[in-house]
Amino acid sequence: MFCYNSVVVAMLEPPIRDPKFEALEAAIDELARDRLGGQTAGLGDRRRHIRRSIDRLEAEFADTLSRFAVAQEYLADNALSTVGWLRRECGLSGAAAVQREEIARQLPSLPATWAGFRRGDIGFQNAAVVARTAGSAGIEAIQRVDNILADSATRLRPEQMRIVAAHARHCVDPDGSLSDANANHERWRLHLSQTMDGLFVLDGVLDAEGGACLRTALEALMPPRRDSELTPARRRADALVELARRSLNSGELPTAHGVRPHLTVTAPMATLQRQPGSPGAELAWAGVIPAETARRLACDASVTRISVDAAGNPLDAGRSTRSVPPAIRRALILRDRGCQFVGCDRPADWTDAHHIKHWADGGATKLGNLVLLCRRHHRQVHEGGRPLRRGDDGTVESVPP
Ligand SMILES: [Zn+2]
Ligand SMILES: [Zn+2]
């Protein structure tokens, strides 16, 4: 109760009058009033000016912060550190507070970078990159390349600056760069957990090499940007699943108990035939999936029929057969060459063979009843409720809802 009250009192305290800040506030008020007559011309210049002013203010903020930290003034405010004080008094997040504390601690010892930052020639983000580099390599090492970093920081964007800073760091501290890389390698982890709703959640950390390896593979498999309704995050997720699917299909993954790893769906025939009242299907590792998803997966799969007695106990298992035998698949690829959904140009190796009339409903595994569909459109046809039919001229078309 006491703490709560004391905070309220602090917020009601009028700010200390200072003519410099009154002038600054007045300039901002003037800027806010000046709407440029509603015109958009000149807004770019205005944004650049505002950005430069913000960066210069950040530099002044860093200057007061460095003196504040040296004098340990935060102790007088009952904070345990500068970062703690920044979080409490300036409403910064932990990461934002750490970034500013690091700039204040490192940059005053780098005269060229510090001067460029305070003049407004070096932006806040680049200043943060230099401070981070000094934090990892040690200030003495980075002082030797201060002029190079300051010059680069006035010209480069932050993502370019990070590369230059990493090179500079490697020049003056190769052992440190290697030991950082080794430490990052030890941080590898990947969590893959399933929520109560059946969704899988991924969370992980990779070092530069591991991340680049995954990124390269994902970029190769990401659906093209022109599928503009898909966000980059969604396209990346599609690519990751495609990567796993191709690994499973390649037959190059190690076997377990003499069996190649594969997705296993178990479903009663009644479910595949969508008979009313039938249960869902089961996908190993994932749990219960809808009948229509099982039908899609069964469209192009290895199928094993198991007879069960009235109590559901297995009596006999038939041989596994491909729902689309290899010879028919080859002919299908020769005919269709890629996804046959209207407007789609995904090539054959991105596709599944789809039974227009499902084999579980008595559809034949013949070319006339088969069509190549990419994963996305195959899903749209099944789970999305957009079934296909073959028109009189042999082309495939969506059945109107
Ligand atoms: Zn299908
Ligand atoms: Zn398609």
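Please keep in mind that the structure is a predicted model.

**Domains**

Let us start with the overall layout. The domain assignment divides the chain into domain 1 (44-184), domain 2 (189-249), domain 3 (265-321) and domain 4 (326-398). Between domain 2 and domain 4, the C-alpha centres are 26 Å apart.

**Helix H9 and its two partners**

Two packed helices are described by the angle between their axes and the distance between the axes.

| Helix pair | Axes come within | Crossing angle |
|---|---|---|
| H6 (residues 111-119) and H9 (residues 146-155) | 7 Å | roughly 25° |
| H9 and H10 (residues 158-172) | 10 Å | roughly 170° |

Take H6 and H9 to begin with. Their axes cross at roughly 25°, and angles under 35 degrees count as roughly parallel, so H6 and H9 are roughly parallel to each other. On the H6 side, the contact is made by Pro111, Ala112, Thr113 and Gly116. H9 contributes Asp146, Asn147, Leu149, Ala150, Ala153 and Thr154. Sorted by class, this contact has five nonpolar, four polar and one charged residues.

Now turn to H9 and H10. Here the axes cross at roughly 170°, and with angles over 145 degrees counting as roughly antiparallel, H9 and H10 are therefore roughly antiparallel to each other. Ile148, Leu149, Ser152 and Ala153 of H9 meet Met161, Val164, Ala165 and Ala168 of H10. The class count for this contact is seven nonpolar, one polar and no charged residues.

**The E1-E2 hairpin**

Next come the strands. Strand E1 (residues 189-194) pairs with strand E2 in the antiparallel sense, over six bridges. Within this pairing, His191 has Asp203 in E2 as its bridge partner. E1 and E2 form a hairpin with five residues between them, and Gly198 in the turn has a positive phi of about 95°.

Is E2 (residues 200-205) largely buried or in the open? A residue counts as buried if 20 or more other C-beta atoms lie within 10 Å of its own. Of the six residues of E2, the number that are buried is zero, so this strand lies largely in the open.

**The E3-E4-E5 sheet**

An open sheet is built from three strands in the order E3-E4-E5, with antiparallel pairing. Its edge strands are E3 (265-266) and E5 (287-289), each of which pairs on one side only. E4 (residues 281-283) and E5 run antiparallel and are joined by three bridges.

**Two positive phi angles outside glycine**

The loop between E4 and E5 holds Trp285. Although not a glycine, Trp285 has a positive phi of about 75°. Why is Trp285 classed as exposed? A residue is exposed if 12 or fewer other C-beta atoms lie within 10 Å, and Trp285 has 9.

Arg337 is also not a glycine, and has a positive phi of about 65°. Arg337 sits in the loop between helix H16 (326-336) and strand E10 (351-355). With 13 C-beta neighbours inside 10 Å, Arg337 counts as partly exposed.

How values were computed:
Residues numbered from 1 in each chain as written. Chains lettered and ligands numbered in written order. Predicted model: local features only at pLDDT ≥ 70, side-chain atom pairs only at ≥ 80, totals over all residues. Axes fitted to C-alpha atoms, helices over the stretch in contact; angles between N-to-C directions. Helix = DSSP H or I, 4+ residues; strand = E, 2+ residues; numbered from the N terminus. Parallel < 35°, antiparallel > 145°, perpendicular 65-115°, else oblique. Contact = placed C-beta atoms within 7 Å. Nonpolar A, V, L, I, M, F, W, Y, C, P; charged D, E, K, R; others polar. Domains from an automatic or database assignment. Pairing = 2+ DSSP bridges.
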